Amino acid sequence: MSKRQVRIGMIGYRFMGKAHSHAYRDLPFYFDLDVEPVMQAIAGRDPEAVRQAAGKMGWKSYETDWRRLLERDDIDLIDIGTPNDTHAEMAIAAAEAGKHIICEKPLAMNAEQAGRMLEAANRAGIVHMICHNYRFVPAIRYAKHLIDSGRLGTIYHMRATYLQDWIMDPKFPLVWRLRKEVCGSGTHGDLMAHSIDLARYLVGELTEVTGMMDTFVKCRPIGEMSGGLNAQVVDDRYGEVDVDDAVAFLGRFANGALGVFEASRFGKGNRNGNRFEINGSKGSVRWDMENMNNLQLYLDDDEKGMQGFRTINCTEEAHPYAGVYWPAGHIIGYEHTFINIMHELMRGIAGNFSPEPNFADGYRNQLVLDAVERSALTKQWVTIPT
Ligand code: SOE
């Protein structure tokens with residue numbers, strides 16, 4: 001018997017569009033699914049670019065207005081991979097049209113918008129997720145298993161850094177990720193949102209925060225608006241950078257643990273340095289995205305004299321998701337984190353539930369982002385609403 005189809009309409013087709021398209025294509029290759037994902041249509045404003053993207057990435061059709069995807073009755077799921085200022089409008093309209101949704105992070109420009117998106121999704125009873133792909137790294141899921149099963153004991157600390165360096169040249173242009181009206185915040189919403197998601201996933205809710213933010217290069221040449229990490233200058237005029245280049249905060253978790261977080265796009269030499277360490281009463285874990293298959297684990301009950309951090313290559317059958325790919329030792333990469341998350345999304349649609357992380361997680365994440373921003377402005381500790 002043929003499987004129920006999930007016909008996807010994706011909005012945006014650049015960096016995240018490429019990652020998501022690749023995931024949909026590869027998904028049935030690795031996972032036994034109860035539904036069949038169908039790459040039905042993509043939407044983008046530039047007719048020639050969207051036509052080419054559809055052809056290259058394997059989409060059956062394309063639209064030049066995203067609203068058309070919502071009108072079409074051959075679309076079941078809307079995938080939003082556009083700049084942050086568009087997420088709320090698109091997601092609320094998609095929910096009202098009865099479409100399931102996966103949305104890129106950060107969910108919105110602020111918690112008020114994110115709350116409205118969550119309400120709209122709940123009201124419509126659709127399946128929704130936010131694309132925090134790092135939760136789907138086998139090593140991170142294994143760390144979660146170790147924490148939840150008590151192997152690390154009581155958790156005292158989480159220390160996370162997320163460092164990149166692609167905007168350090170003062171001549172790097174003023175792309176959308178550096179304009180508040182388009183992205184809401186800079187490094188904070190782009191990178192810190194991932195660390196906050198991992199903190200909530202691995203340790204629990206944060207209750208209060210105190211933070212600081214800064215912008216090192218305050219004016220930049222005007223560049224391609226849609227430009228990504230390799231954007232070019234297109235105009236010799238300069239514009240103001242009104243978002244943070246770097247952010248740091250201290251946080252308390254509801255379970256008593258302490259968190260120290262730093263995110264920066266001025267971390268010279270770090271291309272995608274997403275890292276954390278968690279310390280418990282019985283052990284610790286360390287993880288680094290640039291070596292994503294490995295988890296460093298310290299266990300206090302190891303024999304004296306042999307204690308120390310060991311490296312676990314999380315590619316064994318015992319490691320979440322690893323078994324569906326290659327035999328042990330044959331590592332996976334960034335793109336597989338998207339295949340794994342899309343697999344959860346398909347499970348959710350088949351079973352009519354919203355797998356985590358969903359819009360509720362996106363909303364709670366946004367509450368923390370907003371609180372850190374407020375704290376940086378007021379120089380006070382800020383309580384996160386429950
Ligand atoms: C660019 O800073 C970026 O692509 C982020 O937007 C992603 O969320 C992160 O995973 C990698 O870096």
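A residue counts as near a molecule if its C-beta atom, placed from the backbone, lies within 6 Å of it. In this predicted model, the residues that surround the ligand are Phe 15, Gln 164, Asp 190, His 194 and Asn 272. Sorted by class, this shell holds one nonpolar, three polar and one charged residues.

Helix α6 and helix α8 pack against each other at an angle of about 35°, and their axes lie 10 Å apart. From α6, the residues Ile 140, Ala 143, Lys 144 and Ile 147 take part, and they meet Leu 198, Tyr 201 and Leu 202 of α8. The contact of α6 with α8 comprises six nonpolar, no polar and one charged residues.

| Helix | Residue range | Residues in the contact |
|---|---|---|
| α6 | residues 138-148 | Ile 140, Ala 143, Lys 144, Ile 147 |
| α8 | residues 187-202 | Leu 198, Tyr 201, Leu 202 |

The largest nonpolar core has 107 residues, of which Ile 42, Ala 91, Ile 101, Met 117 and Ala 143 touch the most other members. Helix α10 (residues 359-378) supplies the largest share of this core, eight residues. At least three residues of the core come from each of domain 1 (4-133) and domain 2 (137-332 + 365-378).

What does Met 117 touch, not counting residues up to four places away in sequence? Its partners are Ala 88, Ala 91, Ile 92, Leu 107, Ala 108 and Phe 359. Another core, of six residues, lies apart from the largest one and includes Val 175, Leu 178, Ala 231 and Val 243.

Conventions: Residues are numbered from 1 along each chain as its sequence is written. This is a predicted model: local features need pLDDT of at least 70, side-chain atom pairs count only at pLDDT 80 or more; totals for chains, interfaces and linings use all residues. Ala, Val, Leu, Ile, Met, Phe, Trp, Tyr, Cys and Pro count as nonpolar, Asp, Glu, Lys and Arg as charged, and the others, Gly among them, as polar. Axes are lines fitted to C-alpha atoms, for helices over the stretch in contact, and angles run from 0 to 180 degrees between N-to-C directions. Helices (H or I, at least four residues) and strands (E, at least two) are DSSP runs, numbered from the N terminus. Two residues are in contact if their C-beta atoms, placed from the backbone, lie within 7 Å. A nonpolar core is a set of buried Ala, Val, Leu, Ile, Met, Phe, Trp, Tyr and Cys residues joined through C-beta atoms within 7 Å. A residue is buried if 20 or more other C-beta atoms lie within 10 Å of its own, exposed if 12 or fewer, and partly exposed in between; C-beta atoms are placed from the backbone. Domain bounds come from an automatic or database domain assignment.
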